[in-house]
Every structure is written in structure tokens, then in C-alpha cells.
Amino acid sequence: MKKNVLYLILVLVLLLSAVGLLFALCSLYDTKKEYQKGEDTYQHIQDDYVKIPEDEPEDNLKPPAGEKETPRLSINFEGLRSMNPDIIGWIDIPGAGISYPLVQGDDNSYYLTHMSSGEYGIHGSIFMDVHNKPDFSDGNTIIYGHNMKDGTMFAALAAYQDVALYSQYRYFYIYLPGYTLEYQIFSCYSGRIGGSGYTYAFEQEAIFKDFLENIKSYGAYETNVNVETTDRIVTLSTCVNTDRNYRYLIHGKEIHKMEEEKHD
């Protein structure tokens, strides 16, 4: 009798283990499929709506001597907006290999779980804070993106922890219909959620000045870039996988606004 009970218990344990293993394998497969879906979706968007001109980049997009050149992208905004009217621009960060549509929703939650195509997806989107103006006229414009395990979205922002990378790639670009904004990076660091880097409204110039001094002082290394209260800032933010209470932030100041060339 005892042997039969022990045998039944053993069989039950094995069955439960098998079910658990099957569930884990199914979950792994589903996750892998979701990752592939996101990668394919964003690759298709790039292939369909973005072109890299074969000629040399314009002089005002050429970085200082010793830094690598960045080709100017040609973005089909009409096509992008026909796919999703929430697309307001395109962000390109050459040093991190980041190049994605930029969206702005009705809140700061929707695009955590929806891709720029409007489909549900674990990659989410690169999106602007709902409180910011889409023309980047605010003192500090905040842009969010996931730190994905497959290295996509804003995962590669963390590469700027290496000052050697910063010394080569100090600029990123925001493409908007009709013009391109160029930003010079001046501060990179890990900061607590809700820190001063996430301030978007400044009632007085003195408050904005304190903000600039704070975020510059947080930098993990010296960039020797001056920031003034006349500057307009973009803050890039992503998760720090080792600590849920922290985010990795990169701050850049606008240095050029380049109008799109008109062709007859």
C-alpha cells in the first residue's frame, strides 16, 4: 500500500514538473516571438520610410575633426503619419545605433506597450512626455524608451557610460517635418526616478538655471560643454536593469536647427 502511494506521488511530481517545463518553454517561445515581432516591425518601418542619401552629409551635420561623420536621413513623414498620426518625428543617435520614430500619446503609458505602428508590442515606442510641446520649444523635453534585453530601443544609451564613446559621438538628431534639430550631449548619468532631470516646467529663469547646474553636475564625466538659460534641452531616459529605482539619463542641448532643402 505504501509503495503504491509513493509511486502515485512520484508520478504526480513528474507530471507537475513536465507541465511546468512545458509552460516555461511556451512562455519562452512566446517571448521570443514577441521580440522578433518588434524587431521586424521596426526594421520594416525603417526600410519603408527612411532613406540614407548616398552623397556626403551637409557641412552643418559634419562633426568636429576626429569625430565620425553622420549621414543625413531622409524621412517620409507623410507615410509615417498615415500609419500612425501620433508620430511627431524621428530620433537618430549615431553613437548608440539608435534610430526610431518618435511618438507622443495622450498619456505616458500607452506607448510603453504599443509600437510606433500602433500595434501592441513589448518593445513599446520611443515617446515624448505628454506634457511637452511636439515642436521641442520647451526648456526641457523628455523622451522615454525601454531598455530591451535584445539591445533595441534605448538599451544602447548605457554605452555612453564609456567616455571613449562620448569622445567620438557627442551629437544626436531629431528629425521633424521641414527641419532637423541637432543636439550636443553634455551630461550622462544614472539618476533616481523622479529626480530633477525630469522637470519640464520652469516658472522663472532662476529655476531653469538651477536645473541646468544640477543636471550638469550629475554627469559621470566632464564634457566641457557650457549650458545657458537660453538653451533648449532634450533629456533621454531609459531603465537601469540592475536597479528599478534608477534611470539612465542623457541630456543634450540644441545647437543647430537645419531647414529642409526645397527642390523644384
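Reader: What makes strand β9 (residues 233–239) and strand β10 a pair?

Author: Seven bridges join β9 to β10, and two strands pair if DSSP finds at least two bridges between them. The seven bridges meet that condition, so β9 and β10 are paired, and they run antiparallel. Leu236, for instance, stands opposite Ile250 in β10. A hairpin of six residues connects β9 to β10. The model is predicted, with local features requiring pLDDT of at least 70 and side-chain atom pairs pLDDT 80 or more, while totals for chains, interfaces and linings use all residues. Residues are numbered from 1 along each chain as its sequence is written, and side-chain values use heavy atoms, without hydrogens and water.

Reader: Which strands close into a barrel, and in what order?

Author: Eight strands do, in the order β3-β4-β5-β6-β9-β10-β8-β7, with mixed pairing. Neighbouring strands of this sheet are turned by 30° against each other on average, direction ignored. In general, the strands of a sheet pair through backbone hydrogen bonds, either parallel or antiparallel.

Reader: In which sense do β6 and β9 pair, and over how many bridges?

Author: The pairing of β6 and β9 is parallel and spans five bridges. Thr141 has Val234 in β9 as its bridge partner. By contrast, β8 (residues 179–192) and β10 (residues 246–259) run antiparallel and are joined by 13 bridges. In β10, Met258 is the bridge partner of Thr180.

Reader: Where does α4 lie, and at what angle does it run to β8?

Author: Helix α4 lies across β6, β8, β9 and β10 and runs at about 65° to β8. Such angles run from 0 to 180 degrees between N-to-C directions, the axes being lines fitted to C-alpha atoms, for helices over the stretch in contact.

Reader: Why is Lys216 called neither buried nor exposed?

Author: Lys216 has a relative accessible area of 25%. Buried means under 20%, exposed over 50%, and partly exposed in between (1.4 Å probe, protein chains only). Lys216 is therefore partly exposed. Lys216 belongs to helix α4 (residues 205–217).

Reader: What does Lys216 touch, apart from residues up to four places away in sequence?

Author: Lys216 touches Phe186, Ser187, Glu222, Val225, Asn226 and Val227, where contact means heavy atoms within 4.5 Å. The C-alpha atoms of Lys216 and Ser187 are separated by 5.5 Å, although these residues are 29 apart along the chain.

Reader: Is Asn224 buried or exposed?

Author: Asn224 has a relative accessible area of 65% and is therefore exposed. Asn224 sits in the loop between α4 and β9. Its phi is also positive, about 60°, although Asn224 is not a glycine.

Reader: How many residues does the protein have, and what share counts as buried?

Author: The protein has 264 residues, of which 43% count as buried. Among contacts between residues at least 6 apart in sequence, 63% join residues at least 24 apart.

How values were computed
Helices (H or I, at least four residues) and strands (E, at least two) are DSSP runs, numbered from the N terminus.
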